[in-house]
Amino acid sequence: PEVLEKLGIDEYEEHPNRYSFACPIHGGDKEDGCTIYTDSESVVGNWQCWTAGCHHDHVNNIFGFIRACLSVKKGHPATLNETYEFCSSIKKPSIEKNTDNDIGNQCKLTDVFLKTSVKNEQTINRETIRKSLSIPSQYYLDRGFSKNILEVFDVGECLDSSKPMFNRAVVPIYDGYGCYVACVGRSTKDSLKPKWLNSKGFKKDYLYGLNIAKETIIDSRTAFILEGQGDVWRMHEAGYKNSVSIFGSSINENQLVILEELGVMNLIILTDYDEAGHKAAKQIMKKCGRRFNYVRPKLETKDVGEMSIRSLQTELSLQL
């Protein structure tokens with residue numbers, strides 16, 4: 001009852017094992033169109049919208065119900081943090097067994113919800129980055145990427161022999177606020193080792209391409225997750241502007257926090273289509289748990305970055 005009243009659901013029917021009311025998510029008017037179960041044979045707190053199936057679009061537990069209601073009230077997808085704050089305002093988490101292990105587990109759980117992404121200070125502006133490179137990168141032009149997409153992502157080559165990235169195709173990395181955080185360089189000569197070189201102190205705590213994809217992700221509540229930078233460029237060339245990469249095959253907690261803050265509800269996972277890539281997709285879904293809805297399209301080509309724009313558009317349009 002405390003949850004319902006705080007959500008503004010004043011009219012409801014109380015039964016021995018459930019509460020029934022008109023669904024506030026799609027604005028239904030049937031008095032028993034939505035039900036929260038308090039004593040079911042499955043998980044306590046399950047809910048169901050009988051009239052429009054709203055429970056299919058959200059996690060089917062009380063936390064998911066609250067998140068769905070808050071999303072309607074706010075006019076945008078409520079994040080886990082916002083939902084947690086709402087729940088905490090009703091009843092603080094309690095520990096039945098006051099042991100060190102219980103307290104530790106609760107602290108870990110609370111940390112997950114309270115964690116936020118960090119906005120970096122702008123130390124090098126974008127114009128300085130662009131002036132230091134020869135844009136667009138000839139190496140990636142030869143790989144089949146368009147001049148326009150390389151211009152958009154500031155991908156160029158370092159021709160200054162005094163710089164660590166000399167003779168490399170350089171990919172600048174910006175955070176979601178457009179602040180430069182690092183770069184990676186791909187050797188353009190076979191004799192130059194290593195093939196890939198990261199700038200000093202680079203951490204994979206960001207989503208590559210988020211500075212370009214952010215608004216589309218927020219508007220669509222959906223993000224395409226890819227492994228590499230080239231995969232992201234090809235997706236943008238094909239018109240999928242809500243695409244970002246995780247710098248490899250595994251996603252970390254900081255990247256999850258960023259997705260949560262953006263209000264993402266759906267993840268479309270396009271890691272490579274080989275054994276390692278399929279394993280990576282499963283690990284991402286396991287890591288993210290019930291935070292998102294997941295889609296794993298079936299593609300014929302191993303690497304999205306190696307696909308033609310037309311074939312990528314054709315294959316995805318048939319499945320999404």
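Which strand and which helix each supply at least two residues of the lining of the second largest cavity? The legends below, which describe a predicted model, begin with this site.

**View 1. Lining of the second largest cavity.** Strand S6 (168–174) and helix H8 (210–220) each contribute at least two lining residues. The residues that line this cavity are Val152, Phe153, Pro172, Tyr174, Tyr208, Gly209, Asn211 and Ile212. By class, six of them are nonpolar and two are polar, with no charged residue. The volume of this cavity is about 30 Å³, and the structure holds two cavities of 30 Å³ or more.

**View 2. Packing of helix H9 with helix H12.** Helix H9 (residues 229–237) packs with helix H12 (residues 309–317) at an angle of about 80 degrees, and their axes lie 9 Å apart. H9 is therefore roughly perpendicular to H12. On the H9 side, the contact is made by Arg234, Met235 and Glu237; on the H12 side, by Ile309, Leu312 and Leu316. Four residues of this contact are nonpolar and two are charged, while none is polar.

**View 3. An open sheet of four strands.** The strands follow the order S10-S9-S11-S12, and their pairing is parallel. Strand S10 (243–245) and strand S12 (293–295) form the edges, each pairing on one side only. From one strand to the next, the twist averages 30 degrees.

**View 4. Pairing of strands S9 and S11.** Four bridges join strand S9 (residues 222–226) to strand S11 (residues 266–269) in the parallel sense. Threonine 222 is placed opposite asparagine 266 of S11. Helix H11 (residues 275–288) lies across S9, S11 and S12 and runs at about 160 degrees to S11.

Technical notes
Residues are numbered from 1 along each chain as its sequence is written. This is a predicted model: local features need pLDDT of at least 70, side-chain atom pairs count only at pLDDT 80 or more; totals for chains, interfaces and linings use all residues. Side-chain values use heavy atoms; hydrogens and water are left out. On a 1 Å grid over the protein atoms alone, a cavity is a set of points where a 1.4 Å probe fits but cannot get out, and a pocket is an open set with protein on both sides within 12 Å along at least five of seven lines; lining residues have an atom within 4 Å of a point. Grid points are joined across faces, edges and corners, and a volume is the space filled by probe spheres set on the points. Ala, Val, Leu, Ile, Met, Phe, Trp, Tyr, Cys and Pro count as nonpolar, Asp, Glu, Lys and Arg as charged, and the others, Gly among them, as polar. Axes are lines fitted to C-alpha atoms, for helices over the stretch in contact, and angles run from 0 to 180 degrees between N-to-C directions. Angles under 35 degrees count as roughly parallel, over 145 as roughly antiparallel, 65 to 115 as roughly perpendicular and the rest as oblique. Contact means heavy atoms within 4.5 Å. Two strands pair if DSSP finds at least two bridges between them.
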